[in-house]
Amino acid sequence: MASIRKVLIANRGEIACRIIRTCREMGIATVAVYSDADRAALHVRMANEAYRVGPAPARESYLDGGAVIDIARRAGADAVHPGYGFLSENAAFASACAEAGLVFIGPPPAAMEAMGVKTVARERMRQAGVPVVPGSPGPVTDEGEALRLARGIGFPVMLKAAAGGGGKGMRKVDGEAGFSAAFLAARRETQGAFGDDRVYLEKYLDEPRHVEIQLFADRHGKTLWLGERECSVQRRHQKVIEETPSPIVDEGMRRRMGEVAVRAARAVSYAGAGTVEFLVDARRDFYFLEMNTRLQVEHPITEWCTGLDLVRWQIEVAGGGALPWAQEDVRPRGHAIEARVYAEDPARGFLPSPGRIKALRVPSGPWVRDDGGVYAGYTVPIHYDPMISKLSAWAPDRAIAIDRLRRALSEYLVRGITTNVRWLRRVLDHPDFRGGRYDTTFLARRAKELATDPDPALAETALLAAAAHAFARDEERARQLTGLRVQGGDAWKLAGRRSALARGSWSR
Ligand code: ADP
């Protein structure tokens, strides 16, 4: 296969920037695409060329595979990197790229298809001898049948979307009483999210841990596992903090999980980077949950410990290259942790907090990496996922890695919008996290202890706004509120300035 010289990145935000960086190191030219909401985005500035792909809504821009392929052709790109999300797990898009003569930097479409529908994937895995979470053999449409199956599996059960992803359409049902309503609601939610109302049942595993294996396969028959990632710090089934190695995985368990993951990948003739996700129960038995046929958000921690650039190897493998190592050569070192930094307000139910970033100081220093997608002066749009960066740190051992990430988080300064940075520090400081004693229910169970006060900068804004309001009627009252010697119009000016600073958070 001809070598890849120009890559179109069919994505935005931090992952587009991250892919562009590796391309630049490899001497590969980059083409960005952007929606109307992203004209001034960082990935547009970083790429060699950039083209408008459509209006702000993702469905009309980043999810428009035809438009993306047209641009790739126009720009003379020879490959497309889909990042994660958007078109990354869309087998039809991968096939369309191939038909247009473009290398899709990802697995073969057939492998994506086999893993794309969870019920189909579960059946394939069962046949390949991979342990799956016990549950219904396929999707269930009839409520009576679903209830019968639930009784057989034993409550509590989890209703899940066959076409699922992103935690959508997932519902825990504790007993028969709530089953009917939950079944209807899950189908409706699934239809809304994926245009497909098929749901299936899984045994609800009590306080499980989410541990996943990073895989890499070339197109010459070699499939390797690159260690695990523990991703049990989750909010609403979405990962927030990830670490490797997992505090509960020992050498023997790691090898067993790695070998099972390789078996899963081989069963679908996998190639490229992929991740097999497992749920681990209290007895440390592990069960296949799903396979993500793309680069994961949390891949940097595997890069820290293996010293490999996974994007570089994605490009090498897609171009026909062979992985030059044997399994014994892969020896992850030390400990890495990543925290996802969001434009959201933990004090207000984690409400997204888009808006203009007035000032930004990004952490740095020894063994710290910030995978960001924003800059000072940039406006975080409301249309997409509010993750603005992933901050990760490496150290020889877990305790120092936690201290280091905590130190790095304390350097983060984002003005103008609210972020979850202070809350992340509280999570890292929690004795259960420090002790490695946590499962997927940790954040929900400890929500009260982890709660942060409203951002002091915003509290001040509220106070000044109140003062300004009072000032309009009563100068003395304004003075009491602020302790300031307010003179004609000062409070208005001050409050105006502060609320402009925090506009993103206050406008919603
Ligand atoms: P999605 O693809 O929508 O992200 P997953 O199947 O990957 O959904 O599951 C996401 C998370 O939901 C898991 O990491 C776990 O916390 C929880 N979960 C999923 N299935 C179960 C189950 N059967 N029992 C308990 N928790 C589950």
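Predicted model: local features only at pLDDT ≥ 70, side-chain atom pairs only at ≥ 80, totals over all residues.
Begin with the parallel sheet. Five strands make up this open sheet, in the order β3-β2-β1-β4-β5, and their pairing is parallel. The edges are taken by β3 (49-54) and β5 (103-104); each has a single partner strand, so one side of each has no neighbour in the sheet. Inside the sheet, strand β1 (residues 6-9) is joined to strand β4 (residues 79-81) by three bridges in the parallel sense. Helix α1 lies across β1, β2 (29-35) and β4, and its direction is at about 175° to β1.

Within it, strand β11 (residues 238-244) and strand β14 (residues 335-342) run antiparallel and are joined by four bridges. Here glutamate 243 stands opposite isoleucine 337 in β14.

Side chains of opposite charge can pair when their charged atoms come close. In this model the side chains of aspartate 309 and arginine 18 meet in a salt bridge, with an N to O distance of 2.9 Å. Aspartate 309 is in the loop between α10 and α11 (310-318), while arginine 18 belongs to helix α1 (residues 13-25); the two are 291 residues apart, and the pair links distant parts of the chain. The structure holds 40 salt bridges.

Next come the helix pairs. Two packed helices are described by the angle between their axes and the distance between the axes. For helix α4 (residues 91-99) and helix α5 (residues 109-116), the axes come within 8 Å and cross at roughly 175°. At that angle, α4 is therefore roughly antiparallel to α5. Ala91, Ala94 and Ser95 of α4 make the contact with Pro109, Met112 and Glu113 of α5. By class, these residues are four nonpolar, one polar and one charged.

Helix α5 also meets helix α6 (residues 118-127), and here the axes come within 5 Å and cross at roughly 100°. This makes α5 roughly perpendicular to α6. On the α5 side the contact uses Ala114, Met115 and Gly116, and on the α6 side Lys118, Val120, Ala121, Arg124 and Met125. The contact of α5 with α6 comprises five nonpolar, one polar and two charged residues.

Ile402, Leu405, Arg406, Leu409 and Ser410 in α12 meet Val421, Leu424, Arg425, Leu428 and Asp429 in α13. Of the residues in this contact, six are nonpolar, one is polar and three are charged.

Some backbone details remain. Most residues other than glycine have a negative phi, and most peptide bonds are trans. The peptide bond from phenylalanine 155 to proline 156 is cis, with omega near -5°. Proline 156 lies in the loop between α7 (143-153) and β6 (157-161). Another cis peptide bond runs from threonine 244 to proline 245, also with omega near -5°. Proline 245 is placed in the loop between β11 and α9 (251-267), and threonine 244 is within the residue range of β11. Glutamate 207, although not a glycine, has a positive phi of about 40°. This glutamate 207 is found in the loop between β8 (199-203) and β9.

Terms used. Residues numbered from 1 in each chain as written. Heavy atoms only, no water. Contact = heavy atoms within 4.5 Å. Nonpolar A, V, L, I, M, F, W, Y, C, P; charged D, E, K, R; others polar. Pairing = 2+ DSSP bridges. Salt bridge = Lys/Arg side-chain N within 4 Å of Asp/Glu carboxyl O. Axes fitted to C-alpha atoms, helices over the stretch in contact; angles between N-to-C directions. Parallel < 35°, antiparallel > 145°, perpendicular 65-115°, else oblique.
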